[in-house]
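Subject: Structure handover

Hello,

Here is the structure for you to look over. My notes on what was found follow below it.

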Amino acid sequence: MSGQIPQWSYSRLTTYEGCPKKAYYSCVKKIREPGNKYMERGKEVHKNCEDYIRGHIEELPTAQLKDFQEGFDLLRKMYLEGSVICEGDWAFDKNWQSTGWFDSETWGRAKVDAFVHDASVPTQARVIDFKTGKYEGNQESHREQCELYGAVVLARYPEVETITTEMWYLDHNKIERYIYNRDSIKARKEKINERAIIMTTAEDFPANPSSFRCKWCYFGKERICPDRYD
Ligand code: SF4
């Protein structure tokens with residue numbers, strides 16, 4: 001049975017868990033939040049990374065990206081060899097089997113910045129997520145995001161036994177790395193699956209106001225939400 005938000009992504013899930021009413025405005029009422037300068041910059045940086053890996057530009061354009069020169073050079077080389085997918089859109093059904101992004105049975109979605117799978121080492125793969133902005137304070141949710149990537153890859157690629165997930169913090173010259181196999185991902189996948197079921201079957205979307213949450217919430221700022229914390 002599906003609720004009013006039948007498809008999930010990690011970002012939707014965290015929005016819902018933070019404040020169900022915010023998810024209601026965004027995903028049920030489909031009120032679009034305007035972008036901001038941080039989001040615009042994030043998009044631009046991602047585009048630069050992708051363009052470099054695909055060989056569309058010859059140089060990494062900023063000093064921050066140049067801190068990762070060696071890593072990007074390797075991705076670029078492997079992309080040309082056919083071992084890297086950039087900006088992959090991965091969708092799956094309730095059994096975590098691959099679907100098309102807009103298929104009617106699609107239940108979950110994940111976007112991947114770079115996926116590395118070398119045919120000569122089919123049992124191993126890597127997922128890389130490029131992060132801009134803050135490093136401190138986000139590690140827990142970024143680790144969960146890596147668990148989701150791990151679960152999706154291991155469901156999608158039966159030959160893969162070990163998946164390495166990496167967060168590249170482009171503004172901080174740091175990499176966090178988490179490695180999973182079929183045993184270690186099992187309980188993590190079940191946990192995120194349960195959370196996603198709760199969101200995708202929800203019919204009620206109560207407000208969960210707090211001074212911090214409402215301060216940064218578009219629906220509060222615009223007075224769309226009558227429950228905002230004042
Ligand atoms: S203003 Fe606060 S209570 Fe209302 S939707 Fe936003 S976060 Fe939730």
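Which residues have the most contacts inside the largest nonpolar core? Please keep in mind that this is a predicted model. The core in question has 50 residues, and those with the most contacts inside it are Ile53, Tyr149, Val152, Val153, Trp168 and Leu170. Helix H6 (residues 139-156) supplies the largest share of this core, seven residues. As general background, nonpolar side chains in soluble globular proteins tend to be buried together.

Tyr149 touches Ala110, Val112, Val127 and Thr165, if neighbours within four places in sequence are left aside.

Ala110 also turns up in the strand pairing, as the bridge partner in S3 of Trp90. Strands S1 (residues 84-92) and S3 (residues 108-116) run antiparallel and are joined by eight bridges. S1 also pairs with strand S2 (residues 98-99), again in the antiparallel sense, over two bridges. Here Ser98 in S2 is the bridge partner of Phe92. The hairpin of S1 and S2 has five residues between the strands, and in this hairpin Trp96 takes a positive phi near 65°.

Now the helix pair. Helix H1 (residues 10-18) packs on helix H2 (residues 20-28) at an angle of about 135°, and their axes are 5 Å apart. With that angle, H1 is oblique to H2. On the H1 side the contact involves Arg12, Thr15, Tyr16 and Gly18, which meet Pro20, Lys22, Ala23, Ser26 and Cys27 in H2. By class, this contact has four nonpolar, three polar and two charged residues.

Regards

Terms used:
Residues are numbered from 1 along each chain as its sequence is written. This is a predicted model: local features need pLDDT of at least 70, side-chain atom pairs count only at pLDDT 80 or more; totals for chains, interfaces and linings use all residues. Axes are lines fitted to C-alpha atoms, for helices over the stretch in contact, and angles run from 0 to 180 degrees between N-to-C directions. Helices (H or I, at least four residues) and strands (E, at least two) are DSSP runs, numbered from the N terminus. Angles under 35 degrees count as roughly parallel, over 145 as roughly antiparallel, 65 to 115 as roughly perpendicular and the rest as oblique. Two residues are in contact if their C-beta atoms, placed from the backbone, lie within 7 Å. Ala, Val, Leu, Ile, Met, Phe, Trp, Tyr, Cys and Pro count as nonpolar, Asp, Glu, Lys and Arg as charged, and the others, Gly among them, as polar. A nonpolar core is a set of buried Ala, Val, Leu, Ile, Met, Phe, Trp, Tyr and Cys residues joined through C-beta atoms within 7 Å. A residue is buried if 20 or more other C-beta atoms lie within 10 Å of its own, exposed if 12 or fewer, and partly exposed in between; C-beta atoms are placed from the backbone. Two strands pair if DSSP finds at least two bridges between them.
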